[in-house]
Amino acid sequence: MSVRSWMLAAGVLIGSATQAGATLVGVSWAADFVPDGVASGTLGGLGVSLISTNGSVNGGFTFPANWPNQAGTNDVPGIGALAGANRNAIDWNAGTVGFATVAFSGGSVVNPILLFDFTDPGETFDFADGLVLQILDQSPVGSVGIHAGNVVTINSSPSNGAHDGFALQLMGSFSTFTFATNLNRLSAQSVGFSIAAELNAVPEPSSLATATLGLIGLVAFVRPRLRVA
């Protein structure tokens, strides 16, 4: 077997493993009872941090959820894999605009799905203008819209209930993203929030370089043995 043939065979195996291993996973949030505006968790093999500039994060508890049964998310492809996942509660004060920044460590996430629950009419979630957004599901139907400037607005009449929410997908590869929320017309609110994605994640450059060097070393080790044969 030539080196070229061996490498092609290895590439097929690696490619197959990558495709077979891709699955929808959700953030596993760490229990956090300190209202310090910071939350953390894991998404597959990645670390996740959430920092809010307006109010606390988690509100003293993380509450379990069966996402497939939520009306605002049950039409998301692959959502059934998140049965038993949990949501983090982000608390925002009324009368000001707050910012939430999400960052991933260990790699980037492609096309993440943001899951919001316990939303109220008049709430807005403002994303960067250049992003491509797609609403995958919402409850009630027609209650969520994307307006000029990538402002996602709750424009119907849900009442901060467990089935009032939506699933929003950000198209692209992200190591971090930020969105703003405006609760000027509301009292202080706690919004359920989580992230889902199909992993494998895109590795950081250092990880990719390490993997490449490892493959080169393996080829160098195999080549003399193939010549003797």
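Let me begin with Asp-32, which is buried and yet has no salt bridge, since the nearest side chain of opposite charge, that of Arg-87, is 16 Å away. Please keep in mind throughout that what we are looking at is a predicted model.

Where does Asp-32 sit in the chain? You will find Asp-32 in the loop that runs between strand S2, residues 28–29, and strand S3, residues 38–43. Although Asp-32 has no salt bridge, its side chain does reach the backbone nitrogen of Val-34, at 3.0 Å. If we set aside the neighbours within four places in sequence, the residues in contact with Asp-32 are Val-38, Ala-39, Asn-58, Gly-60 and Phe-61.

Side chains of opposite charge can pair when their charged atoms come close. Which residue meets Arg-87 in a salt bridge? The partner is Asp-117, and the distance from N to O is 2.3 Å. Arg-87 belongs to strand S6, residues 86–92, while Asp-117 belongs to strand S9, residues 113–117, so that this pair links distant parts of the chain, 30 residues apart. Are these two residues buried or exposed? Arg-87 has a relative accessible area of 5% and is therefore buried, and Asp-117, with a relative accessibility of 3%, counts as buried too. By the rule used here, the count for the model comes to 1 salt bridge.

Let me step back to the chain as a whole for a moment. The protein chain has 2 helices and 18 strands, and of its 229 residues, 41% are buried.

My next topic is the aromatic rings. How many aromatic pairs does a search of the whole structure find? The search finds 10 of them. One of these is formed by Phe-116 and Phe-179, whose ring centres are 5.7 Å apart and whose planes stand at 80°, which is why the pair is called edge-to-face, the cut-off being over 60 degrees. Here again distant parts of the chain are linked, with Phe-116 in strand S9 and Phe-179 in strand S16, residues 176–182, which puts the two 63 residues apart. Both Phe-116 and Phe-179 are buried.

Phe-179 also forms an aromatic pair with Phe-193, and this pair is tilted, with 5.7 Å from centre to centre and 50° between the planes. Because Phe-179 lies in strand S16 and Phe-193 in strand S17, residues 189–199, the pair ties together parts that are 14 residues apart in sequence. Phe-193 is buried, as is Phe-179.

With a relative accessibility of 24%, Asn-182 counts as partly exposed. Not counting residues up to four places away in sequence, Asn-182 touches Thr-96, Val-97, Gly-122, Glu-123 and Thr-124. The C-alpha atoms of Asn-182 and Asn-93 are separated by 9.3 Å, although these two residues are 89 residues apart along the chain.

Notes
Residues numbered from 1 in each chain as written. Predicted model: local features only at pLDDT ≥ 70, side-chain atom pairs only at ≥ 80, totals over all residues. Heavy atoms only, no water. Helix = DSSP H or I, 4+ residues; strand = E, 2+ residues; numbered from the N terminus. Buried < 20%, exposed > 50% of the residue type's maximum accessible area, 1.4 Å probe, protein only. Lys, Arg positive; Asp, Glu negative; His and termini not counted. Salt bridge = Lys/Arg side-chain N within 4 Å of Asp/Glu carboxyl O. Polar contact = N/O pair within 3.5 Å; in protein donor to acceptor, adjacent residues only side chain to side chain. Contact = heavy atoms within 4.5 Å. Phe/Tyr/Trp six-rings, centres within 6.5 Å; stacked < 30°, edge-to-face > 60°.
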